[in-house]
Amino acid sequence: MKIIDMELTNFQGIRSKKIVLDGCSAVIYGNNGAGKTTIFNALTWLLFDRASTDENGWSPKTQDENGEDVHNIENSVFATFITKTGARIVLGKTLKEKWTKKK
């Protein structure tokens, strides 16, 4: 299977990002803190419901500048794959938090 594209919305530090690979090989590189691991985390969360690093307490939620989770937003990842036979498969996952303010 090959990845055609992947779209992240409110995933960790990424507000909105679409990555188009068109089934080609790709290398993702950049400075520390640029989002390389976040993109890999998005793929492993979509496929395996966990972070790529197996980090305890990991969350796909977006955090504010103080490191606190931002509440009442949807975090999602959608990806399109193509099989060897040419069939397209679209997978998506959305975290909808049911959050109420602590009393």
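1. Basis of the values. Because the model is predicted, local features need pLDDT of at least 70 and side-chain atom pairs count only at pLDDT 80 or more, whereas totals for chains, interfaces and linings use all residues. Residues are numbered from 1 along each chain as its sequence is written, and side-chain values use heavy atoms, with hydrogens and water left out.

2. Helix H1. Helices (H or I, at least four residues) and strands (E, at least two) are DSSP runs, numbered from the N terminus. Helix H1 covers residues 36–48, and its 13 residues should span 18 Å at 1.5 Å a residue; the expected span is 1.5 Å times one less than the number of residues. The end C-alpha atoms are 18 Å apart, which agrees with that expectation. Just after the helix, Asp49 takes a positive phi of about 60 degrees.

3. The buried side of H1. A residue is called buried under 20% relative accessible area, exposed over 50% and partly exposed in between (1.4 Å probe, protein chains only). By this criterion the buried residues of H1 are Thr38, Ile39, Asn41, Ala42, Leu43, Thr44, Trp45 and Leu46. Their cover includes the strands E1 (2–11), E2 (14–20), E3 (74–82) and E4 (88–96).

4. Asn41 belongs to helix H1 and is buried, with a relative accessible area of 4%. Contact here means heavy atoms within 4.5 Å. Leaving aside residues up to four places away in sequence, Asn41 touches Phe11, Gln12, Arg50, Ala51, Ser52, Thr53 and Trp58. Gln12 lies in the loop between E1 and E2 and counts as buried at 15% relative accessibility.

5. Thr62. This residue is placed in the loop between H1 and E3 and counts as buried at 2% relative accessibility. Not counting residues up to four places away in sequence, Thr62 touches Asn10, Phe11, Gln12, Arg15, Glu68, Asp69, Val70, Ile73 and Asn75. Thr62 and Ser52 are 10 residues apart in sequence, and their C-alpha atoms are 17 Å apart in space.

6. A salt bridge is taken as a side-chain nitrogen of Lys or Arg within 4 Å of a carboxyl oxygen of Asp or Glu, and the whole structure holds 4 of them. One joins Lys93 to Asp49, with the closest N and O atoms 2.9 Å apart. This pair links distant parts of the chain, with Lys93 in strand E4 and Asp49 in the loop between H1 and E3, 44 residues apart. Asp49 is exposed, with a relative accessible area of 54%. Another salt bridge brings together the side chains of Arg50 and Asp54 (2.7 Å, N to O). Arg50 counts as partly exposed at 39% relative accessibility, while Asp54 counts as exposed at 53%.

7. Salt bridges at Lys61. Glu97 pairs with Lys61 in a salt bridge whose closest N and O atoms are 2.8 Å apart. Here too the pair links distant parts of the chain: Glu97 is in the segment after E4 and Lys61 in the loop between H1 and E3, 36 residues apart. Glu97 counts as partly exposed, at 22% relative accessibility. Salt bridges with shared partners join Lys61, Asp69 and Glu97 into one network.

8. The largest pocket. A pocket is an open set of points on a 1 Å grid over the protein atoms alone, where a 1.4 Å probe fits, with protein on both sides within 12 Å along at least five of seven lines; lining residues have an atom within 4 Å of a point. The largest pocket has a volume of about 250 Å³, that is, the space filled by probe spheres set on the points. Its lining comprises 14 residues, of which Ile3, Leu21, Ala26, Ile28 and Leu43 lie nearest its centre. H1 gives the largest share of the lining, 4 residues. The lining divides into 10 nonpolar, 2 polar and 2 charged residues, where Ala, Val, Leu, Ile, Met, Phe, Trp, Tyr, Cys and Pro count as nonpolar, Asp, Glu, Lys and Arg as charged, and the others, Gly among them, as polar.

9. Leu43. Leu43 lies in helix H1 and is buried, with a relative accessible area of 17%. Apart from residues up to four places away in sequence, Leu43 touches Ile3, Met6 and Phe81. Leu43 and Phe78 are 35 residues apart in sequence and 8.9 Å apart in space, C-alpha to C-alpha.
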